[in-house]
Amino acid sequence: MDVTASTDVLVLGGGLAGLTVALQLRQQHPDLAITVVERRAHPLREAAHKVGESTVEIGAHYLADVLGLRDHLDEAQIRKFGFRFFFSDGRSDIDRCTELGVSQLLPTPSWQIDRGRFENFLGERARAAGIDFLDGAVVRALDMGTDGARHAITVDHAGTTRCFDARWVVDASGRAGLLKRRFGLARANAHNANAVWWRVDGVVDPNDWSDDPAWLARCTPPDRWRSTNHMCGPGYWFWLIPLASGAHSLGIVCDADMHPLETMNTHAKAMDWLREHQPRVAASLEREQHTLQDFLFLRHFSYDCTRVFSADRWAITGEAGLFLDPFYSPGSDFIAIANTYICDLVARDLRGEPFAAYAEIYQQMYFSFYANTLTLYQDQYALFGDAQVMPVKVIWDYTYYWSLLAPLFFAGRLTDMRTIGRLRPVFTRASALNLAMQPLLRAWGECNAALDEPPSRLLDQARIDWFHALNGALGESSTLDDDAFVATMEANVERMRVLAAEILGRARETHADIDAGELGALVAGAGGPALLAPHWYGAAATADA
């Protein structure tokens, strides 16, 4: 039987991206007719096999404060103890390796998300909000309108063929990329990386890897297991993420040339790979309580898209459009950004305002955020085993993130064209600094190839006063007026310039002839008190510096 129905917004995909954009639209438009169609039947099993379990500041703020889901996150998910890195390739003595992380929680919260549990909650929340959520539904045809015409989407659901007449279509179908395939929008990027990942029963606790009281006491509370733990080596990193359902998510992410996928594309091969590169982790996983739940791999997981927002009343969000890299966990950030732009476009359309120009502007900004973030990963994986340069890179990358994009989102100014116009020179300077810094870091790592690893030390981000304050200031961004907000962003970028000058100076101390590229000119005249203590650069380190 065929059924024809009309809806204002049809969302293709009821995962994280689709259900959150539907809830955000409902929040802003209580009377809007919203339909979400999702291929999988609900409820999902907990510890669902998805990448994207770790949130960072933008995505966490979006879920907790923009969508108002903080109670669920606090009660049913795990508060994250920041990122933590161990430079431990081939080693079992983890407590003697360089550790990078926080000894105490930073002010701005984030969470580890059990995606099955969370998406079940979102589905229930959507239905309670009056959103028509059809799970177990399959999209059969996309007849997309142009020049203001409505869209006709055919869906099979519960033995019925439904023909939806929709004003807007939002593609949140994940890697299926329904609209991307329909319009031929797929575009490759130059980030050649692969991933394998799996889940096991039980919590994998790094504190079980040592009985050294001093090492165990480094963190307050002593909850390393709540961190997104990264075990790092040349060309790869291995993640450990705890899930509230009692499982642990594990994954190897690697440069495709340095660590071919064929060396790890089964669970048995992945365990052999771990025994070579991270033997202490492998030994933990061989305990019988860590029963394997599932295993998956992806070749060349990073990709791009030529268009995500259209004047023909369609849009793409989440992995249906583009995907960067799981390192730094940017997936939920880009969902938050895309959904915010989509909701603004829909709102302008509902008010009868022209929105085509905004679709183009938002698309340019979104792609700019993507391109700048891609520089953090592209051709940088060889650095991941460098215990001198990689910690400095992590501080730089986070400073860049917390100085510009994060405060822009926290302040609710992502669609504030007047303020963004004022900030254009600020973003241009920051982008130029980052584009010059990434090659310097890469060159520094290449020069370091023959040097000894720095002694064991804890590099505690929580004890860097300005770094701690920069994180804490995110929550205050929305309280600033226009002039104060612009002044804060300008000061943030000037701090970036001072940090860049310091990093360049430290690199030249051991490699006087290092190629600084454009960076030297960009930091000329910058100076001031040191932003990072000497042990951050591997000098005069002690076990608990």
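This is a predicted model: local features need pLDDT of at least 70, side-chain atom pairs count only at pLDDT 80 or more; totals for chains, interfaces and linings use all residues.

Student: Where does A158 lie?

Tutor: A158 sits in the loop between β9 (151–157) and β10. Its phi is near 50 degrees, a positive value in a residue other than glycine. Most residues other than glycine have a negative phi.

Student: Why is A158 called exposed?

Tutor: The label needs a relative accessible area over 50%; buried means under 20%, and partly exposed is in between (1.4 Å probe, protein chains only). A158 has 67% relative accessibility, so A158 counts as exposed.

Student: R313 has a positive phi too. What makes R313 count as buried?

Tutor: R313 is at 14% relative accessibility, so R313 counts as buried. Its phi is about 65 degrees, although R313 is not a glycine. The residue is placed in the loop between β18 (309–310) and β19 (314–316).

Student: Which peptide bond is cis at P43?

Tutor: The one that joins H42 and P43, with omega about 0 degrees. P43 is in the loop between β2 (34–38) and α2. Another cis peptide bond joins T220 and P221, with omega about -5 degrees. P221 belongs to the loop between α6 (213–216) and β13 (228–233).

Student: What is the order of the strands in the open sheet of 8?

Tutor: The order is β16-β12-β15-β14-β13-β4-β5-β20, and the pairing is mixed. Two strands pair if DSSP finds at least two bridges between them.

Student: Why are β16 and β20 called edge strands?

Tutor: β16 (292–298) and β20 (458–460) each pair on one side only. Neighbouring strands of this sheet are turned by 15 degrees against each other on average, direction ignored. Such angles run from 0 to 180 degrees between N-to-C directions, with axes fitted as lines to C-alpha atoms, for helices over the stretch in contact.

Student: How do you know that β14 and β15 pair?

Tutor: Count the bridges: 7 join β14 (residues 236–242) to β15 (residues 247–255), and the two run antiparallel. The cut-off is at least two, so they pair. P242 stands opposite H248 in β15.

Student: What does helix α7 touch on the sheet?

Tutor: Helix α7 (residues 267–277) touches β12 (193–201), β14, β15 and β16, and its direction makes about 100 degrees with that of β12. Helix α11 (residues 389–403) packs on the sheet as well, touching β4 (83–87), β5 (99–101) and β20.

Student: Why is the pair D349 and R167 called a salt bridge?

Tutor: The term asks for a side-chain nitrogen of Lys or Arg within 4 Å of a carboxyl oxygen of Asp or Glu. The closest N and O atoms of D349 and R167 are 2.9 Å apart, so the pair qualifies. D349 is in helix α9 (residues 331–350) and R167 in strand β10 (residues 160–171), 182 residues apart. D349 has 6% relative accessibility, so D349 counts as buried. R167, at 24%, is partly exposed.

Student: How many salt bridges does the structure hold?

Tutor: It holds 37. One of them joins R413 and D482 at 2.8 Å, N to O. R413 lies in the loop between α12 (405–410) and α13 (417–447) and D482 in helix α15 (residues 482–510), so the pair ties together parts that are 69 residues apart in sequence. R413 is buried at 9%, and D482 is partly exposed at 27%. Salt bridges that share partners also join E38, R40, R115 and E119 into one network.

Student: What joins the side chains of E57 and N471?

Tutor: A polar contact of 3.4 Å. The term means a pair of N or O atoms within 3.5 Å; within protein, one must be able to donate a hydrogen and the other to accept it, and residues adjacent in sequence count only if both atoms are side-chain atoms.

Definitions and conventions
Residues are numbered from 1 along each chain as its sequence is written. Side-chain values use heavy atoms; hydrogens and water are left out. Helices (H or I, at least four residues) and strands (E, at least two) are DSSP runs, numbered from the N terminus. Contact means heavy atoms within 4.5 Å.
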